[in-house]
Amino acid sequence: MSFDKKDKKDNEIKDTALTPAEKSAKETKKSKSGLKEFLKSRKTKHGSIAVAIVAVIIAVTILLNVVCNLLVDRFSVLSLDLTSNQVFALQEDTTDYVSHLEKDVTIYVLTEKDSFVANGSYFVQAEKFLSSMEKLSNHIKIKYIDVSKNPTFISNYSNIDWSISSHVFIVECGEEYRVLDIDDCFEYDEQTYYYYGTMNFTASTVEQAIVTAMLNVTTDDKTVVDIISGNSEKDSSAIKELLENNAYQVNEVNLTTAAELDEDAEVAFLFAPSVDLDTSTIEKIEKWLNNGGHYGKSLIYVANYELENTPNLDVFLEKWGIKMSNGVIFETDANYLVSNTFLVSLTNYNDVFTTDLKNPSIPVISSYTRGVEITNEELAVPVLTTSNAAAILPYSEKSNSEWDYSSAITGEPLNIAVKGTQANSDSIESNVVVFGSFEMFSGSFMSYNSFNNSAFLVNTVNTLADRDNIGITIESKSMDNPTLGIDLAGQNALMILFAIVVPIAVLVVGLVIWIRRRNR
């Protein structure tokens, strides 16, 4: 018998003499030894282990992605929008309004969710907006309703013309609701639509439309504002739209035919008349401001620089300590100029109508402005002013190319806007606020978020009407070229990270692994 066979037989005899527990321990030790040898084998190092590591990394990556998505869905603040103009992020005004909402609002999307987002990137963006609003407030609910399959739902809104296929949303609070159409929510190329019947969307106004609708359906008693007509006024549609978007009830009143302004109107606008007001119209305005001795009314007069002679208006304004300059303001301080013309410039605030202004660091811009003088400092105060280097270009000199403009500079700021105040014995005030420029409240000027014209006007009306500042000014968003919003410093940092740091780190790790394996 060979020694090998003998040893084997001896081992078998020893094994039979072992207890079951001892046998189990021995088998476990043998298994661990075999596993250790397997893990050390070349095949395992370069085969199975590599596959296992890759599988584990993939599993961890998937798990991490799922967890991150769940966290983002639960906590919207963890979501980052890296596009240059934050096309998927709610704007500050929206976030502030929605997070302080106190009434329950339901937003119905009038189609199924999959069908809605399948309409393109702007609808995907709209879905993100709605989802973010719902996460910000427990008072907002988003519901997708396929109206073609829900005739009962349609019957609940009998005032809506359901034969029109362009309805997109219904915003509802209690018994109040507003329907929003495609035109309310998106900007598109009208020429392409006219010729081809295809809507080529260029920007989204969904955020503004939804918030405006919420503001209107949640506001119980809307403040009334009258816009005076009948004197060939300039287009005031931008002001009307802005006020209606901020839950004001805006009425147009023609004082050449109407008996008087609305008794319940808190504020009235006289926007850039092209002719002087007749004495009858002036008397109606004065009667309304007096309010039977109760006062508490405010007129906002926006001057038309093209109208040089206004004797009736001049007499009326003089009673409020105000006089219109006989010319147009021009600015010579380069720090105040925003274009290549001296007639368009930035203005200074004078601590009037700025208390609740959300961002007083943003200036108001004026354009082609008639100067507003104060004749009685006990009645009137400046609201907006120029720099010390501005002056008045007299109407008599506007065609005189040899006129010396420097001689008109007094070194004192000029008034762009002025507020005149009168009070009764109970200290209740009525006000006349005069702005020298009508162009500053045009649609184009008020659409610029880099200027504060729309926000300042809303805050002015809110203050005069003694209403809390819930003004909403939201810009449209275009998804054209939604590049990453990274400045030059950020670009350089990313270039250094991915072009230098990461490659060097990979190279160093590779060298360390190679050296360690070589020295084994």
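Trainee: What makes S11 and S17 count as paired strands, and in which sense do they run?

Mentor: Five bridges join S11 to S17, and the two run antiparallel. Two strands pair if DSSP finds at least two bridges between them, so the five bridges meet the definition. Strands are themselves DSSP runs of E with at least two residues, helices are runs of H or I with at least four residues, and both are numbered from the N terminus. Please note that this is a predicted model, in which local features need pLDDT of at least 70, side-chain atom pairs count only at pLDDT 80 or more, and totals for chains, interfaces and linings use all residues. Residues are numbered from 1 along each chain as its sequence is written, and side-chain values use heavy atoms, with hydrogens and water left out.

Trainee: How do you know that S11 pairs with S15?

Mentor: Strand S11, residues 322–331, is joined to S15 over four bridges in the antiparallel sense.

Trainee: Why are S15 and S17 described as standing at the edges?

Mentor: The three strands form an open sheet in the order S15-S11-S17. S15 (370–374) and S17 (390–394) each have a single partner strand, so one side of each is left without a neighbour in the sheet.

Trainee: Why is S11 called mostly covered?

Mentor: Eight of the ten residues of S11 are buried. Buried means under 20% relative accessible area, exposed means over 50%, and partly exposed lies in between (1.4 Å probe, protein chains only).

Trainee: Why is the contact of Asp93 with Lys358 called a salt bridge?

Mentor: A salt bridge is a side-chain nitrogen of Lys or Arg within 4 Å of a carboxyl oxygen of Asp or Glu. The closest N and O atoms of Asp93 and Lys358 are 3.3 Å apart, so the pair qualifies. Asp93 lies in helix H4 (residues 92–99) and Lys358 in the loop between S13 (348–349) and S14 (365–367), so the pair ties together parts that are 265 residues apart in sequence.

Trainee: What makes Asp93 buried, and what makes Lys358 partly exposed?

Mentor: Asp93 has a relative accessible area of 14%, so Asp93 is buried. Lys358, at 44% relative accessibility, counts as partly exposed.
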